[in-house]
Amino acid sequence: MKIPTETETVERNLPPVPLSSEQIMDLFHNASTQELICQANRVCRQVHGKDVLLRGLIEFTNFCTNDCLYCGIRRGNQRVTRYRMTEAMILSTVQKGYQRGIRSFVLQGGEDRNFTTDRICRLVKTIKSQGCHDAAITLSCGIRCREDYVKMRDAGADRYLLRFETADPVLHRLLRENSLEDRLKALEDIRAAGFQVGSGFMLGLPGESKETRLKNILLCQRLELDMIGLGPFIPHPDTPLKHASQHPLEHTIRSVALVRLALPQAHIPATTAAGSLVPDGREQTIAAGANVLMPNLTPMEFKQNYLLYPGKVCLREKGIQDITRLHHRMKPLNRNLSFARGDALGYPLTNMDKGDGK
Ligand code: SAH
Ligand code: SF4
């Protein structure tokens, strides 16, 4: 009997149904990593095809009022050279990416009071009115109040990213000085404002258990996220967690695969953190069900000061060069880079497992 090729298998199968929380739990405990990778890769190809979406990342400020224990740009780290990009610099960075074909941009920064909501709204409007009207803008600048999210959405921002970081409420408070509940409330506000919603978590935080890793996946499922970013925690030498041990990438790979099986339609990036931990970390993550890459477009003079964790890749490269390199890196995986906006595909509610995921 002829064994079907991957393409034949993909074409003949019906669109995948999201796994229930019970099925996810079963796989979490019993499936080998290889089995998870195979299943998740197949589901990803069925829903997203060969395309790997590009999102251009612009790290526009490294000022932050927060002091998250894990983060290299936390308020308390005196060694950081702080910067803020001007509106003109941000706009020209977006425009350069746009000329290169990118239609999806992520503006990320610390929780910087200098970037008031009105200022961010003006920035979004300027980007959209200065030749980039059809580009999607994702904001990732922390917790704000409900009215602020509504204003940013009204100004034309399309998506918002706010990782819940860890689904363990005790660990969350310990690491972030505020509660998981507040973070989840913000995600509710973001959804209510009409954004496409992204969240996610880190793997390997000190104090995290196997149970936490399962809860992280089930929380993504319960939140019905459009975008899910998850990557390894990498201890930063200038933070209180500098002596934490580094967990293997395998935890990230298993989680990506399970999240793909729980939420087939979600957009899942292969994170820079994965690529920084292991040279082919991003490739391994794509092979395990991720479908997004985020070339770093931040101008060189700034990106070296946006070190959330050490050993970040692409610091000496322009974002545009990164795209060319990513293109070559995707070839052996039989994937193509896609310059599409890559909006949320949305979930058919009838297929969703409505369990509470606890
Ligand atoms: N200030 C915003 C966005 C910037 S931080 C916020 O906190 O939401 C973006 C992400 O970087 C965080 O959500 C966190 O998951 C990740 N991060 C921070 N420190 C890290 C570390 N040491 N290793 C890996 N990822 C880290
Ligand atoms: Fe600030 Fe975000 Fe870093 Fe926390 S993770 S210190 S909120 S930049």
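Colleague: Welcome to this predicted model! Is Asp118 buried, partly exposed or exposed?
Modeller: Let's start with where the residue sits: Asp118 belongs to helix H5, which spans residues 117-129. Buried residues are under 20% relative accessible area and exposed ones over 50%. Asp118 has a relative accessibility of 42%, so this residue counts as partly exposed.

Colleague: How far apart in space are Asp118 and Gln99?
Modeller: In sequence, Asp118 and Gln99 are separated by 19 residues. From C-alpha to C-alpha, their separation in space is 27 Å.

Colleague: Which side chain of opposite charge is nearest to Asp148?
Modeller: Asp148 is part of helix H6, residues 146-154. Asp148 is buried and has no salt bridge. A salt bridge would need a nitrogen within 4 Å of a carboxyl oxygen, and the nearest side chain of opposite charge is 4.6 Å away: Lys151.

Colleague: Which residue's side chain joins that of Asp148 in a polar contact of 3.1 Å?
Modeller: Although Asp148 has no salt bridge, its side chain does make this polar contact. The partner is Thr117.

Colleague: Which strands are at the edges of the open sheet of three strands?
Modeller: The order of the strands is E8-E1-E9, with parallel pairing. An edge strand pairs on one side only. That describes E8 (292-293) and E9 (336-338).

Conventions: Residues are numbered from 1 along each chain as its sequence is written. Chains are lettered from A and ligands numbered from 1 in the order in which they are written. This is a predicted model: local features need pLDDT of at least 70, side-chain atom pairs count only at pLDDT 80 or more; totals for chains, interfaces and linings use all residues. Side-chain values use heavy atoms; hydrogens and water are left out. Two strands pair if DSSP finds at least two bridges between them. Helices (H or I, at least four residues) and strands (E, at least two) are DSSP runs, numbered from the N terminus. Buried means under 20% relative accessible area, exposed over 50%, partly exposed in between (1.4 Å probe, protein chains only). Lys and Arg count as positive and Asp and Glu as negative; His and the chain ends are not counted. A polar contact is a pair of N or O atoms within 3.5 Å; within protein, one must be able to donate a hydrogen and the other to accept it, and residues adjacent in sequence count only if both atoms are side-chain atoms.
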